[in-house]
Amino acid sequence: MSTANAVASTLPPEDLIEQLYEQGVTDGFPVVPPTRDRVERMLAGASDRARDELLGVIGPCYGEATVEKVAINAVMAGCRPEYFPVVLAGVEGLCDERLCAHGLNVTLFSAAPWAIINGPVRLQIGLNSGHNALGHGFRANATIGRALRLVIMNIGGARPHELTKATMGQPGQYSAVIAENEEESPWEPFHVERGFREDDSAITLFAGGSPQQISDFQSRSAEQLLSSIGFTMGGGLWNFKNFPLFGDTVLVLSPEHAQTIAADGWSRKDVRQFLYETVKKSVDELKPGKDSGEGFGANLLRGAENSGFLVDGYVRKFRSPESILVVVAGGTAGRFSVAIPGWVADDLGSTPVTKQIHISE
């Protein structure tokens, strides 16, 4: 989508909305017409960035993502100018080859770029990290994720029924943003674990599928609760015989669940290690059979023996402790957490990437 085509100001707004839909540059919802005035106001939200600065290219069509093109899509998504630095950092993540935007936009898996946002910017722009953290009702959460989707479509060239091949699709493909509830977390913020200072703001992109809600109202110790959550993840992510997962996983713990775990002195690292060591099934349980044609065949068995997934006849669900990303979000009432399975990882697919968010002075 060129700037010249996207920026129009001579027709009534109600006609522009319909025209933009007909041009195929929307996600299905009406978009805000990117008039010149609106784009200029968006650019002012990151006044230290030149409009022709190239952030990188985005697959599958490898379109060039300049600051101005991203601003056009941020306007269309409904962003306020103060959200723009977050969108720019997110697009830098999309351009990072380790994320493999090309793959996540053409895979049958129905992946979405989940954005985990940390740091002071959450409070500065009104991101919701409390009740309904993954849901509707908050402009910053809704439009930042939507802007990334529009960038993928209009700069990256990934559209359904064309290059996007997702078999099912999922609601997270409209917008998928998680602001960590750092204030209610018993641990240091997620982005500190990824090498940033606590007073930095950062966005982490993760190629993930549909979220799975997990409830547990009865467990009162870290071991009880993480066994409950872990074996639910073991049975539900991808499918019940998909051991090991070849993707990463995001576990979003509610504040109540996180506090229960931390009360026993467990760290975020302890959470990952426990899930890695505990969630496993025997090779016999995983063999293809009458209960499922899926399973652990001879080829996987040989691979597992060489990679450490197979221990004393049992296969681990998670390929490493580091493949589990633990975040705290949601309201302070309710013993619910969420697991988000990832698309295939590393050289076969995608690696989560974290970018610093630079706020203009």
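Student: In which hand does helix 3 pass helix 4?

Tutor: This is a predicted model, in which local features need pLDDT of at least 70 and side-chain atom pairs count only at pLDDT 80 or more, while totals for chains, interfaces and linings use all residues. Residues are numbered from 1 along each chain as its sequence is written, and side-chain values use heavy atoms, with hydrogens and water left out. A crossing counts as right-handed if the near helix is turned clockwise from the far one by less than a right angle, and as left-handed if anticlockwise. For helix 3 and helix 4 the crossing is right-handed.

Student: Is helix 3 roughly perpendicular or roughly parallel to helix 4?

Tutor: The axes (lines fitted to C-alpha atoms over the stretch in contact, with angles from 0 to 180 degrees between N-to-C directions) of helix 3, residues 36-44, and helix 4, residues 67-77, come within 9 Å and cross at roughly 115°. Helices here are DSSP runs of H or I with at least four residues, numbered from the N terminus. Because angles of 65 to 115 degrees count as roughly perpendicular, with under 35 roughly parallel, over 145 roughly antiparallel and the rest oblique, helix 3 is to helix 4 roughly perpendicular.

Student: Which residues of helix 4 does helix 3 meet?

Tutor: Contact means heavy atoms within 4.5 Å. From helix 3, Arg-36, Arg-38, Val-39, Met-42 and Leu-43 take part, and they meet, in helix 4, Val-67, Glu-68, Ala-71, Ile-72, Ala-74 and Val-75.

Notes:
Helices (H or I, at least four residues) and strands (E, at least two) are DSSP runs, numbered from the N terminus.
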